[in-house]
Amino acid sequence: MCWVATDCAEIYNAGHKLSGFYQMKPLRSPSGFVAYCDMSGGGGWTVFQRRSDGSQNFDRNWDDYEEGFGDFASPKGEYWLGNKNLHYLTSQGNYTLKIDMSDFIGEQRFAQYENFRLGDEQSSYMMTCGQYSGTAGDSFTGGFHPEVKWWANHQGMKFSTKDRDNDKYEKNCAEEDNSGWWFNRFDILLRI
């Protein structure tokens, strides 16, 4: 029987230092899947979302985000790994989320969060994360400005898609933003 790693970090620690697609099977996952492992900068990073050129439509339904979609063949292909796969990965232990970004002139920044975890389908893939570090600003937990934290914090949010609205907004953020995500965005309504 062939050895199958539980995540990209295990693949990296086993001596595989080239970035690329690898087969893995997290401990509690009923089946394996292929994910892109970024072996740069210390290696072992499992890439669960890549958006770079608009070649993939991210305005998708719940089932697509749950199972995953996109180009899993080309090294720069756009894709979403799947909430189910991400849940199985992050339920194995303490994971760090790293978001790498670059703008149109090539300036690069990153945001990093300790203890990133995704709940199961019953929790609507609720996201939790810990301490922020980085150069991009803390827009994931709303820490970039105290006055917006109440609506910009994604901590503890359920995943939303155009066909399953789990945000705190009177409308559907996923439908308005043409993408699934852990949206928050309260609406303030005054009653007189």
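1. Basis of the values. The model is predicted, so local features need pLDDT of at least 70 and side-chain atom pairs count only at pLDDT 80 or more, while totals for chains, interfaces and linings use all residues. Residues are numbered from 1 along each chain as its sequence is written, and side-chain values use heavy atoms, with hydrogens and water left out.

2. Helices (H or I, at least four residues) and strands (E, at least two) are DSSP runs, numbered from the N terminus; two strands pair if DSSP finds at least two bridges between them. Strand β1 (residues 20-24) pairs with β2 in the antiparallel sense over five bridges, and Gln-23 stands opposite Val-34 in β2. On β3, three bridges make an antiparallel pairing with β2, where Tyr-36 faces Val-47 as its opposite residue. A hairpin is formed by β2 and β3, with six residues between them, and Gly-41 in its turn has a positive phi of about 55°. Five of the six residues of β2 are buried (under 20% relative accessible area; exposed is over 50%, partly exposed in between, with a 1.4 Å probe and protein chains only).

3. The open sheet. Three strands in the order β4-β6-β5 make an open sheet with antiparallel pairing. Because β4 (49-50) and β5 (69-70) stand at the edges with a single partner strand each, one side of each is left without a neighbour in the sheet. The antiparallel strands β4 and β6 (residues 79-80) are joined by two bridges, and Arg-50 stands opposite Tyr-79 in β6.

4. Aromatic pairs. The whole structure contains 18 aromatic pairs. Rings of Phe, Tyr and Trp (its six-membered ring) pair if their centres lie within 6.5 Å; planes under 30 degrees apart count as stacked, over 60 as edge-to-face and the rest as tilted. Phe-48 and Trp-80 have ring centres 5.5 Å apart and planes at 90°, so this pair is edge-to-face. The pair links distant parts of the chain, with Phe-48 in the loop between β3 (45-47) and β4, and Trp-80 in strand β6, 32 residues apart. Phe-48 is buried, with a relative accessible area of 12%, and Trp-80 is buried at 1%. The rings of Tyr-113 and Tyr-132 also have centres 5.5 Å apart, but with their planes at 50° the pair is tilted. Since Tyr-113 lies in strand β8 (residues 108-118) and Tyr-132 in strand β10 (residues 132-134), the pair ties together parts that are 19 residues apart in sequence. Tyr-113 is buried, at 1% relative accessibility.

5. Aromatic cluster and charges over rings. One aromatic cluster has among its members Phe-48, Phe-58, Trp-62, Trp-80 and Trp-182. A charge sits over a ring if NZ of Lys or CZ of Arg is within 6 Å of the ring centre and within 35 degrees of the ring normal. Arg-50 lies over the face of Tyr-36, at 4.5 Å from the ring centre. Arg-51 lies over the face of Phe-58, at 4.0 Å from the ring centre.

6. The largest pocket. Its volume is about 1400 Å³. On a 1 Å grid over the protein atoms alone, a pocket is an open set of points where a 1.4 Å probe fits, with protein on both sides within 12 Å along at least five of seven lines; lining residues have an atom within 4 Å of a point. There are 43 lining residues, and Val-47, Gln-49, Lys-98, Ile-99 and Asp-100 lie nearest the centre. Two or more lining residues come from each of β2 (33-38), β3, β4, α3 (83-90), β7 (95-102) and β8; β7 gives the largest share, eight residues.

7. Backbone and loops. Ser-124, in the loop between β8 and β9 (127-128), has a positive phi of about 60° although it is not a glycine, and is buried at 12% relative accessibility. Asn-178 follows α5 (173-177) and is likewise a residue other than glycine with a positive phi, of about 55°; at 43% relative accessibility, Asn-178 is partly exposed. Most residues other than glycine have a negative phi. Phe-140, in the loop between β10 and α4 (149-152), is buried with a relative accessible area of 5%. Phe-140 and Gln-112 lie 28 residues apart in sequence and 9.6 Å apart in space, C-alpha to C-alpha.

Definitions and conventions: Points joined across faces, edges and corners; volume = space filled by probe spheres on them.
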